[in-house]
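Have a look at the model first, then we'll walk through it.

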Amino acid sequence: MTERDFLTPDLLLRAYANGVFPMGDDDTGAVRWYAPNPRGILPLGTFHVPDNLARRVERGEFSITSDRAFDEVIRACADRTRTWITAPIIRVYSELHDRGFAHSVEAWQDGELAGGLYGVALGGAFFGESMFYRVSNASKVALVHLVRQLRAGGYTLLDTQYSNPHLEQFGVVEIPREEYEQRLADAIGMNPTWWPVNGEDATGD
């Protein structure tokens, strides 16, 4: 069985619904599966935006879009010395995007892609996968807009998989697997709206 036969969009959706996600091995090309305990999440109700970043958002330094450049975003996220976003990962997430489950958020400046992020939306859960920037703070601004859209659309869970120093400034917390699985089960049964706020309305909370 080839990697293409094994790693399918349907398998990926079943894995996410059960709190499991894949990562590629940059050396071997193999795909491994993870379900960390504890699990990192960004609580949507207490998401913290540092003051200097809030000012950048309100000044509108970047134009924010969704799903306009998914392929460019995921490939930019993979463009680093070592990456878990291998060719099989790019392929299957691109297929998920074509099916409406994987989404990108783009930050543009002067018509050029300055940064962004991508992840998977399933029910009322959004699973953040990776971020990148070419202009300072572009990915952070994209994250702020993502959270505003998730709130507006009725999402309840923003899964970051792990905690790290970059996410600590936004209020990331770690929760036990049992609690995570309950939150995930509650979220999966929901039917929210992806990216419901447009134009100037997207700049407010």
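Let's start at a turn: strand 5 and strand 6 form a hairpin with 2 residues between the strands, and D110 there takes a positive phi near 55 degrees. Bear in mind that this is a predicted model.

**Strands**
- Strand 5 (residues 102–109) pairs with strand 6 in the antiparallel sense, over 8 bridges.
- Strand 6 (residues 112–122) has 10 of its 11 residues buried, so it is largely enclosed by the rest of the structure.

**Helix 2 against helix 5**
- The axes of helix 2 (residues 9–17) and helix 5 (residues 87–98) come within 9 Å and cross at roughly 85 degrees, so the two helices are roughly perpendicular to each other.
- P9, L12, L13 and Y16 of helix 2 meet V92, Y93, E95 and L96 of helix 5.
- That contact of helix 2 with helix 5 has 7 nonpolar, no polar and 1 charged residues.

**Helix 4 against helix 5**
- Helix 4 (residues 70–78) packs on helix 5 at about 155 degrees, with the axes 11 Å apart, so these helices are roughly antiparallel.
- On the helix 4 side, the contact uses F70, D71, I74, R75 and A78, and on the helix 5 side I89, I90, Y93, S94 and H97.
- By class, the residues of the contact of helix 4 with helix 5 are 6 nonpolar, 2 polar and 2 charged.

Key: Residues are numbered from 1 along each chain as its sequence is written. This is a predicted model: local features need pLDDT of at least 70, side-chain atom pairs count only at pLDDT 80 or more; totals for chains, interfaces and linings use all residues. Side-chain values use heavy atoms; hydrogens and water are left out. Axes are lines fitted to C-alpha atoms, for helices over the stretch in contact, and angles run from 0 to 180 degrees between N-to-C directions. Helices (H or I, at least four residues) and strands (E, at least two) are DSSP runs, numbered from the N terminus. Angles under 35 degrees count as roughly parallel, over 145 as roughly antiparallel, 65 to 115 as roughly perpendicular and the rest as oblique. Contact means heavy atoms within 4.5 Å. Ala, Val, Leu, Ile, Met, Phe, Trp, Tyr, Cys and Pro count as nonpolar, Asp, Glu, Lys and Arg as charged, and the others, Gly among them, as polar. Buried means under 20% relative accessible area, exposed over 50%, partly exposed in between (1.4 Å probe, protein chains only). Two strands pair if DSSP finds at least two bridges between them.
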